[in-house]
Amino acid sequence: MKETPEQRAERLRAEALGAPSISEAEFQTRSRRAFLVAGASALVGAVGWQWVTNGPTDDRLPAVLRDGHRLNERLWRSLSSPDRLAPTFAASASEMPRVNGRYGLRGPFAPDAWTMRVLGPDGRLLDVLDLDDVRALPKVEMTTELKCIEGWSQVVTWGGARFSDFAARYASRLPARLPYVGLATPDGAYTVGMDAAAMGHPQTLLAYEMQGAPLTPEHGAPLRLATPLKYGVKSLKRIGAVRFMDARPQDFWAERGYDWYIGH
Amino acid sequence: MADTPPDVPPAGRAVQKHPRAVRWMHWVNFPLLTVMVWSGLLIYWAYDPYRIGWGETTLVKFFPDGFYEALGLPRQLAKGMAYHFFFGWLFAINGVLYVLYTAFSGEWRHLVPDRFALEESVQVALHDVGLRTTLPPQGRYNAAQRLTYSAVIVMGAVMVLTGLAIWKPTTLAWLTALFGGYQAARTVHFVVTVGFVLFFAVHVAQVVRAGWANFWSMVVGYERVRPTPAADPFVDGPAVPASVVPASAPLAPDAP
């Protein structure tokens with residue numbers, strides 16, 4: 001049977017007033033107790049906040065939050081399959097990205113004399129390569145979204161060699177597959193640490209082309225990293241050295257308070 | 001007292017209003033939401049393109065430099081991200097627990113809008129701004145409250161989902177695509193944040209209006225019942241039914 005407006009009003013009223021009730025004395029007791037619990041909880045919260053914000057730091061970040069980054073990293077590494085590809089776009093949707101970040105690019109530089117050192121975990125030099133060595137690897141083009149840690153993003157077309165192909169060719173002398181790769185600019189002023197899973201991903205390139213043309217100096221000529229799996233800060237420009245490592249490599253921005261992993 | 005339903009407690013007693021779990025989750029959410037908005041602003045500062053306007057005309061810029069300076073927000077992107085991705089989990093967990101609690105305890109009956117909610121919310125709003133004298137029937141919450149308290153839960157879910165879509169646009173690429181892409185998800189995330197801030201402003205204003213008994217019931221869980229004052233014979237108006245009501249209900253039905 002359909003409820004009349006009067007029945008509905010009565011039902012609503014009963015819903016509000018039909019709840020259990022207590023005496024005035026009991027209300028007073030509960031009020032006092034609630035006051036104390038609320039005060040104590042606020043105090044606990046304030047102390048906890050102080051503990052987080054003013055406690056020990058780890059690379060310019062409260063240690064608790066650094067641990068939070070590590071926990072998040074473990075969670076998301078376990079959730080993301082190494083085969084999952086970042087979304088790709090039509091090349092026609094791509095554009096020349098803005099220039100952002102000149103760390104490691106500031107000193108005098110002679111592109112023709114550029115070489116890239118390949119190092120083992122102990123720092124031993126495995127190879128010194130030039131651009132032709134990288135160009136000799138199968139060329140891959142991809143159009144992906146470059147996401148800056150600042151929040152902006154642009155669709156960019158990259159051309160280069162897969163890092164996995166590069167590693168297979170030039171790091172095959174290493175005794176085992178190592179969990180990390182460290183990258184540095186020739187002057188060592190900018191560094192990036194990457195996990196092997198992201199480096200071995202098919203969309204992680206040693207890029208020598210952007211928008212179908214050779215890289216310009218401000219975008220990292222002659223060779224840079226390009227990967228849609230991390231924020232742009234990890235796509236190091238003007239690679240001077242690649243080092244396969246068994247410990248977490250140095251990372252410019254991680255030392256300045258950012259998450260080391262920042263994986264997408 | 002023949003017209004007083006037997007289940008209505010007599011004056012001098014206090015009626016249960018907010019279960020303990022809801023009170024805890026409500027008050028835990030307050031600092032969590034504050035931390036999320038604050039750390040979100042630290043992040044947003046690094047790329048702050050949003051505005052209300054058209055062409056060259058900007059009505060509202062999010063945000064003017066003075067806003068960031070006044071709140072001490074600039075140049076703390078790394079810090080903002082660290083807080084956001086830590087406290088975001090607590091915010092999400094608290095929200096999920098709230099939804100589970102209200103669903104399984106039956107509390108949702110007081111909160112979910114019924115089919116009269118839209119029209120009655122307009123009436124409540126008109127009443128609250130003084131354009132209407134009477135209020136539609138209501139239970140523990142009026143129609144506007146039901147709509148709002150349900151909307152903020154949906155907003156919280158959208159915040160968590162868009163947040164995940166921006167945070168993990170490769171691992172959760174389907175989610176990012178669902179919101180129309182990376183930048184679209186970021187825009188939704190921002191707009192809903194503005195919605196939360198507006199909700200907070202109205203919520204606090206209405207709590208102040210509703211008075212102390214209503215506020216305190218969110219701490220202690222109970223609200224005193226008091227007799228309805230007799231209708232003033234010198235003032236024209238609808239006769240007030242002789243019964244007892246919670247202090248904040250029909251007298252200040254806009255209790256948030």
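The model is predicted, so local features need pLDDT of at least 70 and side-chain atom pairs count only at pLDDT 80 or more, while totals for chains, interfaces and linings use all residues. Residues are numbered from 1 along each chain as its sequence is written, chains are lettered from A and ligands numbered from 1 in the order in which they are written, and side-chain values use heavy atoms, with hydrogens and water left out.

**Where the chains meet**

Let's start with who takes part: 61 residues from chain A and 57 residues from chain B are in the contact (heavy atoms within 4.5 Å). Together the two chains bury about 5000 Å², with 62% of it on carbon and sulfur atoms. Buried area here is the accessible area (1.4 Å probe) that two parts lose on being put together, summed over both. Arg8(A), Leu17(A) and Trp76(A) supply 14% of the area that chain A buries against chain B, more than any other three residues.

Between the chains there are four salt bridges (a side-chain nitrogen of Lys or Arg within 4 Å of a carboxyl oxygen of Asp or Glu). One of them links the side chains of Glu24(A) and Arg224(B), at 2.9 Å from N to O.

Which parts of chain A touch chain B? Helices and strands are DSSP runs numbered from the N terminus (helices are H or I, at least four residues; strands are E, at least two). The elements below each supply at least two residues to that side of chain A.

| Element of chain A | Residues |
|---|---|
| Helix 1 | 5-17 |
| Strand 1 | 21-23 |
| Helix 2 | 24-54 |
| Helix 3 | 63-79 |
| Strand 4 | 139-147 |

Helix 2 of chain A gives the largest share, 13 residues.

The chains also join strand to strand: three bridges connect strand 1 of chain A with strand 1 (residues 13-16) of chain B, and these run antiparallel. Ile22(A) has Ala14(B) as its bridge partner.

**A sheet in chain A**

Strands of a sheet pair through backbone hydrogen bonds, either parallel or antiparallel. In chain A, five strands form an open sheet in the order 3-2-11-6-7, with mixed pairing (two strands pair if DSSP finds at least two bridges between them). Strand 3 (125-129) and strand 7 (191-195) of chain A are the edges, each pairing on one side only.

Strand 2 (residues 116-119) of chain A pairs with strand 3 of chain A in the antiparallel sense, over four bridges. There, Arg117(A) stands opposite Val128(A).
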